[in-house]
Every structure is written in structure tokens, then in C-alpha cells.
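This report looks at a few residues and their surroundings. Have the sequence and the structure open while reading.

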Amino acid sequence: NLTISSLALPSISVNPAMEAWRDRAIANGLYSSIALPLFNGGKPYGTLTAYASEIDFIDDELVRLFEKMADNLTHAIDKFNQEEIRRLDNEKLRQSEERFRTLVENLPLKIFIKDANSYYVSCNELFAKDLGISSSEISGKTDHDFFPHELADKYRKNDTHIIESGESIDLHEKYFLQDGVERFVHVIKTPFKNAEGQ
């Protein structure tokens with residue numbers, strides 16, 4: 001069973017705590033020992049145990065040294081677990097982004113994402129093709145980079161309304177392809193929120 005406090009046994013031969021293991025320990029030349037708890041996320045995880053071939057070998061100074069070692073090991077275990085959790089979270093995020101990207105690229109729709117200031121963050125290739133660019137070129141651009149001034153202002157006004165109201169809009173609006181021909185398209189714009197709901 002795991003113990004929460006350290007256990008130093010200067011003499012195995014007379015300590016009641018070692019009665020069940022005494023004969024085997026002495027037969028193997030073990031006469032004193034120390035055991036300290038290791039923790040994982042604040043919960044007992046295991047023990048750091050050392051045996052010596054001399055009686056009364058475990059003194060106060062050695063206890064302090066082993067306590068420091070156990071503390072360092074506990075920190076190392078916590079750090080390793082945090083890194084492993086971060087690695088798994090990153091892998092889940094990568095897989096989620098991969099699924100999202102696959103979905104976005106294979107839907108027969110023109111899809112884009114803008115930030116709260118109406119700057120493009122990303123888009124699919126179908127939308128980028130209308131603009132005469134590749135999807136990797138859209139980040140940091142605004143509608144003013146692609147559309148007539150009046151139309152770009154209208155798009156920004158819609159974006160601002162969505163950000164301020166938190167509501168989606170569903171409308172038909174004017175749209176120009178690179179060939180300059182005016183068209184009308186069905187547009188759905190919706191707020192894209194972070195984990196804090198912003």
C-alpha cells in the first residue's frame with residue numbers, strides 16, 4: 001500500500017514495520033532502508049525506496065537528501081504528464097483541423113473565415129478561385145482587396161452586425177467574380193466563437 005509520509009528504517013532487524021520481510025531482507029544483506037512517496041498530480045503514484053547493507057546507515061542528512069530526490073522525481077513526473085497531455089491535445093487539435101479542412105474543401109460551397117475586424121483568416125480553394133488567388137494567399141486581406149469599394153463596405157457592415165449581435169444572417173447579395181460579371185449569391189454568415197464565447 002502507498003503511504004503519504006516517508007518511512008526511514010535505520011535498523012530492519014528490530015523495526016516492527018519490517019517483520020513480514022525481515023528474514024528475506026537480512027538474508028540478502030539489507031539492514032536499513034528508506035521509502036518515500038512519489039506523487040502524480042497531487043495523488044500518490046509510487047515510492048522511492050533504497051536499502052543499505054549497514055545498520056543505522058539512514059541518518060537525518062540522508063533522509064533530507066532522499067526527500068529532495070523524491071520531490072525532484074515528483075516534479076519530473078508532473079512535467080512529463082503535462083507534456084503528454086499537451087501532446088495529446090495538440091494531436092486531437094491537428095486531427096480536428098484535418099477533418100475540418102477535408103470537409104471545407106469537399107463541400108460544393110465557397111467558404112471563408114474572417115476575424116472580428118473583417119480580415120480574412122482562411123478560405124477554401126473554391127472561394128479562392130473566384131478571387132483569382134490560392135487559399136494560402138487570403139490571410140490578412142480584406143474585402144477591399146478583392147471587391148469594388150461600395151460592395152466591400154457593405155460586406156464589412158454585415159460582418160460588424162454579426163459580431164455585435166451574435167446572430168447569423170441569411171441573404172442574397174451582389175457578388176463579382178474576377179471576370180467582372182455581376183452576380184447574386186445566397187450567403188449565410190454566422191459568428192465563429194472561441195471557447196470563452198467571444
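How many aromatic pairs does the count come to? The count comes to six aromatic pairs, where rings of Phe, Tyr and Trp (its six-membered ring) pair if their centres lie within 6.5 Å, with planes under 30 degrees apart counting as stacked, over 60 as edge-to-face and the rest as tilted.

## Basis

This is a predicted model, in which local features need pLDDT of at least 70 and side-chain atom pairs count only at pLDDT 80 or more, while totals for chains, interfaces and linings use all residues. Residues are numbered from 1 along each chain as its sequence is written, and side-chain values use heavy atoms, with hydrogens and water left out.

## Aromatic rings

F112 and Y120 form an edge-to-face pair, 5.4 Å centre to centre with 75° between the planes. Y120 is buried at 3% relative accessibility, whereas F112 is partly exposed at 26% (buried means under 20% relative accessible area, exposed over 50%, partly exposed in between, with a 1.4 Å probe and protein chains only).

## Around D159

D159 is in helix α4, residues 149-165 (helices are DSSP runs of H or I, at least four residues, numbered from the N terminus). D159 counts as buried because its relative accessibility is 9%. Its side chain makes polar contacts with the side chains of K114, at 2.7 Å, and S118, at 3.0 Å. A polar contact is a pair of N or O atoms within 3.5 Å; within protein, one must be able to donate a hydrogen and the other to accept it, and residues adjacent in sequence count only if both atoms are side-chain atoms.

Definitions and conventions. Helix = DSSP H or I, 4+ residues; strand = E, 2+ residues; numbered from the N terminus.
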